[in-house]
Amino acid sequence: MKTVEIIGYKRANLGKTEAKRLREEGMVPCVVYGGDHQIHFYAPMILFRDLVYTDEAHFAMLTIEGEPEPFEAIIQDVQFHPVSEIIMHADFLQLFRGTPIKMNIPVHPVGNAPGLQQGGKLIRKVKYLQVKALPKNMPEYIEVDVSGLGLGKSIKVGELQTGDYEILNSPLVTLAGIEVPRALKGKETGAEEEELEEAEAGGGDAPAAEESSEA
């Protein structure tokens, strides 16, 4: 998995006023935990571009002023402003190479589904899966092969082939499916009604034949 470097500076004050000032200066208030002690710091918001605004998962290398060594970490939580969507705060979890971690990994549909050629629409039900693995085995994304999906068909978590990692979501969760368009649903309904009418018509002739034979 790729690593994004975040250069940070320790925070002297932890109040809301200070946090607001940092955001106005284009900084993100942060905290890293999971090691010997928590470290509160801030970092330029522009450095989060390849870590947060991406469809692949990444590790973070935190180089914090005053710390003798960088911290390898994963981003555990990000808070966004409800209107402007700027990053309000970021939580990092320090990782250790021999300890399993949990991450939300993006899902990437691949392949050409036959249902699309028949006029269907690919619907992604899940964009992320929770994965548990050692850091060295954590995937950047998980491919979901939709090449076998026809109209009205879907693929579930339990059908995925996993490597040296564990997917924690329920096997029954639907990942993606091919939605049948309303126009095609109408045609299918019309065809079913036509078949039903033919069947009813055929069924109505049988009693009449029996009556004539009895006469």
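Visitor: How is the word "buried" to be read for a residue here?

Guide: Buried means under 20% relative accessible area, exposed means over 50%, and partly exposed lies in between, with a 1.4 Å probe and protein chains only. This is a predicted model, in which local features need pLDDT of at least 70 and side-chain atom pairs count only at pLDDT 80 or more, while totals for chains, interfaces and linings use all residues. Residues are numbered from 1 along each chain as its sequence is written, and side-chain values use heavy atoms, with hydrogens and water left out. Glu 18 has a relative accessible area of 19%, so this residue counts as buried. Of the 215 residues of the protein chain, 33% count as buried.

Visitor: Where does Glu 18 sit, and which residues does Glu 18 touch?

Guide: Helices (H or I, at least four residues) and strands (E, at least two) are DSSP runs numbered from the N terminus, and Glu 18 is found in helix α1, residues 16–24. With contact taken as heavy atoms within 4.5 Å, Glu 18 touches Arg 11 and Asn 13, if residues up to four places away in sequence are not counted. The protein chain has four helices and 13 strands.

Visitor: What is the strand order in the open sheet of three strands?

Guide: Two strands pair if DSSP finds at least two bridges between them. The order in this open sheet is β8-β13-β11, with antiparallel pairing. β8 (121–124) and β11 (154–156) stand at the edges and have a single partner strand each, so one side of each is left without a neighbour in the sheet. Three bridges join β11 to the antiparallel strand β13 (residues 174–179), and Ser 154 stands opposite Gly 177 in β13.

Visitor: How much space lies in the largest pocket, and which element gives the most to its lining?

Guide: On a 1 Å grid over the protein atoms alone, a pocket is an open set of points with protein on both sides within 12 Å along at least five of seven lines, and lining residues have an atom within 4 Å of a point. Grid points are joined across faces, edges and corners, and a volume is the space filled by probe spheres set on the points. The largest pocket holds about 490 Å³ of space. Of the 18 residues that line this pocket, the closest to its centre are Ile 75, Gln 76, Val 78, Asn 104 and Tyr 128. β5 gives the most to the lining, with six residues.

Terms used. On a 1 Å grid over the protein atoms alone, a cavity is a set of points where a 1.4 Å probe fits but cannot get out, and a pocket is an open set with protein on both sides within 12 Å along at least five of seven lines; lining residues have an atom within 4 Å of a point.
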